[in-house]
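Trainee: I would like to learn how to read the features of a protein model, one at a time, and to hear the general idea before each case.

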Amino acid sequence: MAAVAPWLGGLIGIVLIGLGALFWMAPHRAFAVSGHVPSALPAVMAGRYGAFGAVVIALVVMAEWRALMVVLAVGAAMGALDAMIAARSGGSVAPHLGAGVGSALGAAASWARMGL
C-alpha cells in the first residue's frame, strides 16, 4: 500500500484540480459531475472551510512546517482569487484579502520556522 500512496495522492490532486477547473469553466456541468446541487453550496463551503482548517491545525500539531508553508501559500492564493471574484460580483473584498494576507504571513512564518 505504501508504494501506491504517491500515485493515489497525485491522482486525487489531479482530479481535484480538474473539478476546480470544471467549476470555473462550466459550473452546470461540474455540478452534474460532482453530484452537488447549487442549493447545497453553503453546506459544501462549510465542509471545505472545516476540512482546510483541520489540515492546517493537524500540520501545526505534527510540526510539519514545510507542508504547512505550502498549504498556507495556497490559502493566500485562494484569498487573492476570492477577493477578485468578490470584487467582480459585488461582494465584500476585505475578508478575502485579510484571509489571503493572514495565510501569506503564516506561510512566511512557517518558512522562518524551518530556518530557511
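Trainee: Where in the chain is the place of valine 55?

Mentor: Valine 55 sits in helix α3, where a helix is a DSSP run of H or I with at least four residues, a strand is a run of E with at least two, and both are numbered from the N terminus. Before we go on, keep in mind that this is a predicted model, in which local features need pLDDT of at least 70 and side-chain atom pairs count only at pLDDT 80 or more, while totals for chains, interfaces and linings use all residues. Residues are numbered from 1 along each chain as its sequence is written, and side-chain values use heavy atoms, with hydrogens and water left out.

Trainee: Is valine 55 buried, exposed or partly exposed?

Mentor: Valine 55 has a relative accessible area of 40%, so this residue counts as partly exposed; buried means under 20%, exposed means over 50%, and partly exposed lies in between, with a 1.4 Å probe and protein chains only. Across the protein chain, 17% of the 116 residues count as buried.

Trainee: Which pattern does the protein chain follow when it is read along the sequence?

Mentor: The pattern is α-α-α-α-α, and the secondary structure comes to five helices and zero strands. The C-alpha trace spans about 45 × 45 × 20 Å along its principal axes.

Trainee: How do I read the packing of α3 and α4, and at what angle do their axes cross?

Mentor: Two packed helices are described by the angle between their axes and the distance between the axes. Here the axes of α3 (residues 41-61) and α4 (residues 65-89) come within 9 Å and cross at roughly 150°, the axes being lines fitted to C-alpha atoms over the stretch in contact, with angles from 0 to 180 degrees between N-to-C directions. The two helices are therefore roughly antiparallel, since angles over 145 degrees count as such, while those under 35 count as roughly parallel, 65 to 115 as roughly perpendicular and the rest as oblique. Their crossing is left-handed, which is the name used if the near helix is turned anticlockwise from the far one by less than a right angle, and right-handed is used if clockwise.

Trainee: Which residues of α3 and α4 make the contact?

Mentor: On the α3 side they are Phe52, Val55, Val56, Leu59 and Val60, and on the α4 side Trp65, Ala67, Leu68, Val71, Leu72, Gly75 and Met78, where contact means heavy atoms within 4.5 Å. By class there are 11 nonpolar residues, one polar and no charged; Ala, Val, Leu, Ile, Met, Phe, Trp, Tyr, Cys and Pro count as nonpolar, Asp, Glu, Lys and Arg as charged, and the others, Gly among them, as polar.

Trainee: What lies in the loop between α3 and α4?

Mentor: Alanine 63 has its place there, and its phi is near 55°, a positive value in a residue other than glycine. Alanine 63 is partly exposed, at a relative accessible area of 40%.

Trainee: How far apart are the axes of α4 and α5?

Mentor: The axes of α4 and α5 are 7 Å apart, and the helices pack at about 160°, which means that α4 is roughly antiparallel to α5. This crossing, too, is left-handed. Among the residues that meet are Trp65, Leu68, Met69 and Leu72 in α4 and Gly100, Ala107 and Ser110 in α5, and the contact has 12 nonpolar, seven polar and two charged residues.

Trainee: How many aromatic pairs are counted?

Mentor: A pair of aromatic rings is described by the distance of the centres and the angle of the planes. The count comes to one aromatic pair, with rings of Phe, Tyr and Trp (its six-membered ring) pairing if their centres lie within 6.5 Å, and planes under 30 degrees apart counting as stacked, over 60 as edge-to-face and the rest as tilted. Phenylalanine 23 and phenylalanine 31 form this edge-to-face pair, at 5.0 Å centre to centre with 90° between the planes. Phenylalanine 23 is partly exposed at 29%, whereas phenylalanine 31 counts as buried at 15%.
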